[in-house]
Amino acid sequence: MKTETITSVIAVAAIISPVLTTLINNYYNELANRRAADKEKQLELQRQLDEQHQQFVDQNTHIRNIYEKYTEYTFEVISTRGKSSTTEQGKYFGLVLLYVDQNLREKLIGIQSLLLLNGKPVEVTGRDSYQVANSNFLLIAGQLKSLIDKLPIE
């Protein structure tokens, strides 16, 4: 081979080599950037899903707490014949109405009406209002328990 040919090949290789190196480096840098962006999107999506799940858990915990506190304070008002927890019971009565169906809502309103009679005799039965409220509440306590059990824990 002639010297000029060898020199020409070396000159062309010297020009092409950095260009090819730059193109290959750019390709792999772009690939790495896309992977990093995809990873970032996945992390953001996971964060959003975790946040939604936490809101779901918090909401169900809130509803469970309302059912439990309503039950607790209603039984306390009945057992003390209106001498304690009437404020708390009234607060949770209002809240529990937001989360029950129409049928149960009507039963709870009936019990609340009995509690507001403060022990006066109920005309139909002759028993005082706390006795009737207790009997009625015992009948629907199972429904409240069923609602609590249906709420997902996690």
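Contact here means heavy atoms within 4.5 Å, and helices are DSSP runs (H or I, at least four residues) numbered from the N terminus. With that in hand, helix 3 and helix 4 meet through Leu104, Lys107, Leu108, Ile111, Leu114 and Leu115 on the helix 3 side and Ser129, Tyr130, Val132, Ala133, Asn136, Phe137, Ile140, Gln143, Leu144 and Leu147 on the helix 4 side. Keep in mind that this is a predicted model, where local features need pLDDT of at least 70, side-chain atom pairs count only at pLDDT 80 or more, and totals for chains, interfaces and linings use all residues. Residues are numbered from 1 along each chain as its sequence is written, and side-chain values use heavy atoms, with hydrogens and water left out.

**Helix 3 against helix 4**

- Helix 3 passes helix 4 in a left-handed crossing, meaning that the near helix is turned anticlockwise from the far one by less than a right angle (clockwise would be right-handed).

**Helix 1 against helix 2**

- Helix 1 and helix 2 pack with their axes 8 Å apart, at an angle of about 140°.
- The two are therefore oblique to each other.
- Helix 1 goes past helix 2 in a left-handed crossing.
- From helix 1, the contact takes in Asn65, Ile66, Tyr67, Lys69, Tyr70, Tyr73, Thr74 and Val77, and from helix 2, Thr86, Glu88, Gln89, Tyr92, Phe93, Leu95 and Val96.
- By type, the residues of this contact of helix 1 with helix 2 are 9 nonpolar, 4 polar and 2 charged.

**Helix 1 against helix 3**

- For helix 1 and helix 3, the axes come within 11 Å and cross at roughly 30°.
- That makes helix 1 roughly parallel to helix 3.
- Their crossing is left-handed.
- Tyr70, Thr74, Val77 and Ile78 of helix 1 meet Leu108, Gln112 and Leu115 of helix 3.
- The residues of this contact of helix 1 with helix 3 come out as 5 nonpolar, 2 polar and no charged.

**The loop between helix 1 and helix 2**

- Arg81 lies in this loop between helix 1 and helix 2, and its phi is near 55°, a positive value in a residue other than glycine.
- Arg81 counts as partly exposed, at 39% relative accessibility; the cut-offs are under 20% relative accessible area for buried, over 50% for exposed and partly exposed in between (1.4 Å probe, protein chains only).
- Ser85 is also found in the loop between helix 1 and helix 2, and has a positive phi of about 65° although it is not a glycine.
- At 13% relative accessibility, Ser85 counts as buried.

**The nonpolar core**

- The largest nonpolar core has 26 residues, and those with the most contacts inside it are Tyr67, Tyr70, Val96, Leu108, Leu115 and Phe137.
- At least two residues of this core come from each of helix 1 (3-79), helix 2 (86-96), helix 3 (102-116) and helix 4 (129-150).
- Such a core is a set of buried Ala, Val, Leu, Ile, Met, Phe, Trp, Tyr and Cys residues joined through side-chain atoms within 4.5 Å.
- Leaving aside neighbours within four places in sequence, Tyr70 is in contact with Gln89, Tyr92, Phe93, Val96, Leu108, Gln112, Phe137 and Leu144.

Notes. Axes fitted to C-alpha atoms, helices over the stretch in contact; angles between N-to-C directions. Parallel < 35°, antiparallel > 145°, perpendicular 65-115°, else oblique. Nonpolar A, V, L, I, M, F, W, Y, C, P; charged D, E, K, R; others polar.
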